[in-house]
Amino acid sequence: MYSGSKCHDLLMRMEITSDIVEGQQRGYRQGRSFDAIVVGAGFSGLYQLLCLRDRLGLSVQVLEAAEEIGGTWYWNRYPGARCDSESHSYCYSFSEQLWQEWEWSEKYPGPPEIRRYLNHVADKFDLKRDIRLNTRVTSAHYDQAANRWRASTDDGDVYTAQFLITAVGCLSTANVPDLPGLDSFQGQWYHTGQWPHKGVDFRGKRVGQIGTGSTGIQSAPVIAETASHLTVFQRTANYSVPARNGPLSPDFKRWIRENAGEIRTTMRTAVNGHPFLISETSALAVSPAERLALYEKAWETGGLRFRGTFRDLVTSNEANATAVAFLKDKIRKIVKDPATAEKLADIDHPYAAKRPPIDTDYFETFNRDNVMLVDVRADPIERITQNGIRTKGGAEYPLDIIVFATGFDGMTGSLLRMNIRGRDGLSLANAWAAGPRNYLGLQIAGFPNLFTVTGPGSPSVLCNMPVAIEQHVEWISDCIAHMRKEGLTRIEATEESMEDWMAKVNAAANATVLPQAKHSWYLGANIPGKPRVFMPYAGGMAHYRKICADVAARNYEGFTLSA
Ligand code: N01
């Protein structure tokens, strides 16, 4: 599994030493000079550290803003939080031993179990010694003369490295809408992505939840169980399919261990990195009765597998409409109050055009006496008052707690707030003023030796994340290994390859129904003023993997490499 000869190691050490000397000459603090800086200690940062340090023999420093490792699972501790990938596929696949020794307890694990897993990985591979916690990168500037990145942190330190790798996740910058009056609110408010570690006691409280995305759909049923009253403020109604979570049986756990190879092959072959394949049948090629039976079966199975019922659900509006009809019918059957059911079923986009949520009793929650739905598309929120929320129509909702399940400045937010500057002082904010542009989601022209793990332009959020992450991390590591072997020190995507890739990203999106959801964070539509650009690559993970492999095989076509 590990590569690297003694000679190779020696050469590495000599280079590190020369880096330190060079750093000292340039006024950088001793001991803060590395081959690579990795920003973030979630799934991607941990594996990137392992690959670069243990396989390539590089000196690596991981910088992590949080006080613990875990990335998104450190921050997202809201009620009902769960992974929506099946646990046996929401893990690393690079180590057979790790696969065999770790046992998931549930079909969809919650944050504590995922944090335990990541800590297990970090301890097993002795990663923590190279991770600096409580350290937020506040700027990262490329020093052209030295061909080094210089990262400043909020504790006043400066780190330098030849390579800068962002492993900051796609959904790490919380979006709290700029609603007037929030400062005056006398109760408490929380964003789901920055949830207090000690939890929130909803007992006896009137709670207002804004947002009905994947998060809000998970949190509302759990909040409703203890709150005296829950008001859900819905702007865009959403589909949801039951998760059907539950403990994994001993038989299933054994099956996971005994079929590791087959499961991994499926994940790598599947269009979206999940451990199941999409049906090859068109929704339009079967009779209505047969279609209904297949949808019913998928509904009973639950989870994201529903998306795989037919091959053309995300590529044909006509096929998609059959799923839409089925899912809206389910809402109307579950929700007893017809007016509430109509508001919940008044969905303005094709199924799966927004990230399809999966739930435990979401629609059932609206049958409770202590839960009310408010349609803020029809009557928008005007302001937060001292006592709660007021809508433009003049309705007042007295509240003790407001929960913002309002999502994130997805894919670009965390990169842009890092104040990244590349060649000639070019800021990433300027380079991306009209929306993110890059090559393969991995590199940006003007920013040499900067790699973005699961950046915009990569399949990332349209894929089971660990699969997307492993592919990126391995590609980046192979690329750096190639550079070291060939005596190359600098890699940068060309403008032309970037232009060409962005055209491919657009074409891939336009071949699906995904851009039809106008209120989608995939498009940046949830952040006022953010350019409307469809960010993830929708051409499928398996296809993308091949494109990246071909680029590497053609001597890193589309990149300029130099010594
Ligand atoms: O965020 P969202 P999320 N006034 O942006 C509403 C992943 N995830 O945290 O659609 C009123 O999807 C907004 O309305 P609209 C997953 O990839 C994974 O739920 O913009 N409402 C929407 O209803 C997911 O896609 C898991 O009209 C406002 C909601 O807030 C991603 O995270 C679990 C508003 C935001 O929905 C983000 O999901 C959870 C305003 N001013 C999430 N502003 C797993 O299980 C926003 N909204 C792995």
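Me: At about what angle to E12 does helix H11 run?
Reply: In this predicted model, helix H11 covers residues 338-345. The helix lies across strands E9 and E12. Its direction relative to E12 is about 50°.

Me: In what order do the five strands of the open sheet stand?
Reply: The pairing in this sheet is parallel. Strand E7 (188-191) and strand E12 (371-375) each have a single partner strand, so they stand at the edges, with one side of each left without a neighbour in the sheet. The twist from one strand to the next averages 20°. The order is E7-E16-E8-E9-E12.

Me: About what angle does the direction of helix H6 make with that of E8?
Reply: Helix H6 (residues 214-226) packs on the sheet. H6 touches E8 (206-210), E9 (229-234), E12 and E16. With the direction of E8, the helix makes an angle of about 175°.

Me: Is Val 286 buried or exposed?
Reply: Val 286 sits in the loop between helix H8 (260-269) and helix H9 (288-301). Leaving aside neighbours within four places in sequence, Val 286 contacts Thr 281, Arg 291 and Phe 310. Its relative accessibility is 11%, and the cut-off is under 20%, so Val 286 counts as buried.

Me: What distance separates the C-alpha atoms of Val 286 and Ser 214?
Reply: Along the chain, Val 286 and Ser 214 are 72 residues apart.

Conventions
Residues are numbered from 1 along each chain as its sequence is written. This is a predicted model: local features need pLDDT of at least 70, side-chain atom pairs count only at pLDDT 80 or more; totals for chains, interfaces and linings use all residues. Side-chain values use heavy atoms; hydrogens and water are left out. Two strands pair if DSSP finds at least two bridges between them. Helices (H or I, at least four residues) and strands (E, at least two) are DSSP runs, numbered from the N terminus. Axes are lines fitted to C-alpha atoms, for helices over the stretch in contact, and angles run from 0 to 180 degrees between N-to-C directions. Contact means heavy atoms within 4.5 Å. Buried means under 20% relative accessible area, exposed over 50%, partly exposed in between (1.4 Å probe, protein chains only).
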